[in-house]
Amino acid sequence: MRIGVIGDGRIGARLETVLDRLETPPTELVGWAPARPGAQPPAWAARRGVPARETWQELVADVEGVVLDLAADGHWHQREVVSEAVLEAGKALLVDAPLADFPAVYERIRGAGRRGGGRVKSVRAVRASAGVRDGLATVADGGVGEVLAVYASLHLPVGEAEASFGQHVADLLQVALDAAGAVVPARLYAAGTPAGEAFEAVHAIARMPAGAIVTLEVARCLPQALGLASECTVEVTGSAGLVRLAPEQSAVTVVGTVASRPIWREDTVAAALEDWLSGGADSEAEASADLALMAAMRMVKRSRAKGVVVGPDAEPVEGGA
Amino acid sequence: MRPLGLALVGCGSIAQSAHLPAIRRLAAAGQVRLLAAMDVNVDAAQAVGREFGCAATGRLDEALDRDGVEAVVMCTPEAYHREGVEAAAARRLHVLSEKPMAKSLADADAMIAAARTAGIHLMIGHSRRFTGRYIEMRRAVLAGEVGEVRMVRENERRSRPADAARATYWTRDHWTGDPERSVGAILTNGIHEADLFNWFIGRTPLRVYAEHRVTRPGGAVPDFISFTVSYEGGALGASEVSNSAPPGYPAFHEFELFGTRGMTSARDHALRMTEEYRDGQGMRYPQAYDHLLHVEEAYVREHAAFVHSVRTGEPPPVTAEDGRLALAVALAADASARSGRPEPVDLGEGVAQ
């Protein structure tokens with residue numbers, strides 16, 4: 001497959017590793033293009049000698065697949081325009097989940113894919129890890145009974161990930177929402193330290209329609225000296241058991257008896273790339289879950305900005321426990 | 001110096017597991033002497049009386065009026081703290097009160113007023129300030145080793161009762177689950193986190209948001225709460241307190257403090273200390289409750305600090321104003337969980353920061 005990369009986010013750098021170890025099917029990286037006018041090629045592209053194109057449209061016309069590597073923060077419109085064009089042209093698209101930040105735009109992009117024949121695979125960095133997948137499967141199978149609460153935290157190094165902080169929030173929200181039934185929260189409140197500083201933290205608490213309480217914490221808070229890329233913890237407390245996934249131990253499931261699960265530590269972005277290159281695409285269930293994710297992301301953003309509790313439409317709501 | 005004469009008011013679980021062991025240690029060192037034990041369950045008081053050779057009674061006034069009593073260790077549920085402190089203050093007896101300081105800010109303010117008027121020391125037993133880990137963390141923060149504190153989080157996990165002694169917890173048959181006497185997990189457990197946030201962040205708490213729920217079937221009091229506190233200057237405190245883990249799950253507190261230049265963290269254990277693997281049964285955690293940071297050494301330090309304060313006249317290391325501020329944060333969390341909106345922290349008047 002002839003592929004190209006648009007943008008300079010977190011996916012492209014992984015592409016080198018994947019391409020080096022991938023022998024079949026044959027893949028050719030034919031070019032890189034800026035998502036925004038004037039953007040310079042990332043270091044990995046220059047190092048690998050990947051030719052830079054003037055415009056992303058030029059690159060899309062020349063490839064079978066596009067890695068859209070553009071952090072969502074502040075670039076939603078550009079991401080959506082490129083995604084729609086790629087899928088309308090019948091090309092394969094790899095992009096961070098979710099595809100859009102509004103359901104109507106999301107449906108429009110999916111419609112372009114149905115018309116043009118393009119397939120889309122979304123990167124779900126935390127959700128795709130083996131431990132999380134297994135843990136959430138236990139929850140979905142009723143293994144912990146009724147879900148009472150979900151706690152999820154993702155800690156990143158101070159000063160890093162500034163451009164993609166919102167994407168990390170989305171990564172973790174996917175997991176938390178899936179654990180709580182992949183539906184839109186009934187209400188949500190998000191507090192945060194001042195946005196845009198080297199140290200940044202968001203702490204959100206949501207009540208789900210069925211009563212589960214979801215707590216979410218995403219922070220650029222780990223000292224650089226620790227040398228950690230991230231630390232992720234997920235706990236799902238149910239009426240009949242508990243699933244805990246944590247960095248310092250094997251994930252633990254407690255359902256009367258206890259079973260160990262693999263630790264969360266693999267490179268799921270690279271895994272998504274490999275799957276996409278092999279023809280993988282989002283399932284209908286994943287696409288459906290993205291709708292709840294989009295709504296929740298807007299709730300977090302709006303609540304944090306306004307300092308108020310918001311409802312499913314991200315509009316402020318008044319009390320009523 | 002002769003031992004400080006104590007009266008113990010309330011001989012229930014926290015007295016048995018925490019305060020009496022500390023009193024035994026300090027009594028052996030000649031620092032205190034238990035002269036009276038009081039509990040509405042007279043059998044419980046008498047059991048203490050037999051061990052310590054002290055008076056045992058079901059009446060508060062009888063315990064406080066015992067000859068030689070100079071100070072009171074208050075181990076009753078918070079709903080009864082005001083009554084006990086006011087009675088002690090009327091007799092000019094110093095008080096070490098279990099946390100939370102009270103069930104309401106009105107009660108807390110009345111207790112502070114009574115203590116000031118009587119000129120007694122009123123210390124609130126926020127025991128975690130006396131555990132080795134937090135002492136060391138606090139030292140690191142004060143030394144500037146982590147920079148400015150930006151976020152503190154402590155999650156607290158306790159299991160549903162696995163043993164007969166705790167079977168009634170969070171039911172109407174135990175004070176923790178009685179709406180008349182208990183606000184819920186925020187005061188029973190979360191008050192610790194509220195105090196730790198105030199202590200470590202060192203700025204004024206402004207507002208709190210919380211969600212809580214009843215998880216115990218048939219329960220009437222929220223035994224689960226998640227809350228976040230916004231502080232002056234932008235720092236955050238956050239906590240999720242659960243009493244809903246499966247029976248036998250290891251109780252733990254997971255504390256993380258993040259600053260602009262570093263972090264510090266601690267947990268009771270790594271979920272490994274007591275695990276057992278059995279064929280066909282997977283893994284289990286026997287007697288995990290014993291490994292909480294609810295350690296005897298912390299309560300010995302707490303009592304010793306109280307005795308030192310009484311003897312020297314120095315302010316106690318955890319003042320009544322500290323206790324009120326923690327209570328204000330916790331009650332704002334409770335109010336938020338009930339109203340569904342962020343609630344301001346009632347700082348009152350003259351609260352020491």
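Tutor: Residues are numbered from 1 along each chain as its sequence is written, while chains are lettered from A and ligands numbered from 1 in the order in which they are written. As the model is predicted, local features need pLDDT of at least 70 and side-chain atom pairs count only at pLDDT 80 or more, whereas totals for chains, interfaces and linings use all residues.

Student: What makes E2 and E5 of chain A edge strands?
Tutor: The sheet is open, with 5 strands in the order E2-E1-E3-E4-E5 and parallel pairing. Strand E2 (28-33) and strand E5 (120-123) each pair on one side only, and these are the edge strands. Strands here are DSSP runs of E with at least two residues, helices are runs of H or I with at least four, and both are numbered from the N terminus.

Student: How do you know that E1 and E3 of chain A pair?
Tutor: Pairing asks for at least two bridges found by DSSP. Strand E1 (residues 2-6) and strand E3 (residues 65-68) of chain A have 4 bridges, in the parallel sense, so they count as paired. In E3(A), A:Gly65 is the bridge partner of A:Ile3.

Student: How does helix H4 of chain A run relative to E4(A)?
Tutor: H4 (residues 76-88) runs at about 160° to E4(A), lying across E1, E3, E4 and E5 of chain A. Axes are lines fitted to C-alpha atoms, for helices over the stretch in contact, and angles run from 0 to 180 degrees between N-to-C directions. Helix H8 (residues 268-277) of chain A lies across E4 and E5, at about 170° to E5(A).

Student: What makes the strands in chain B an open sheet with two edges?
Tutor: Its 6 strands are ordered E3-E2-E1-E4-E5-E6 with parallel pairing, and strand E3 (55-57) and strand E6 (122-125) each pair on one side only. The twist averages 20° from one strand to the next. Between E1 (residues 4-9) and E2 (residues 32-38) of chain B there are 6 bridges, and B:Val9 stands opposite B:Met38.

Student: How do you know that the two domains of chain B touch?
Tutor: Contact means that C-beta atoms, placed from the backbone, lie within 7 Å. By that test, 10 residues of domain 1 are in contact with 14 residues of domain 2. The bounds, from an automatic or database domain assignment, are 4-128 + 297-318 for domain 1 and 131-293 + 328-344 for domain 2. Their centres, taken over C-alpha atoms, are 25 Å apart.
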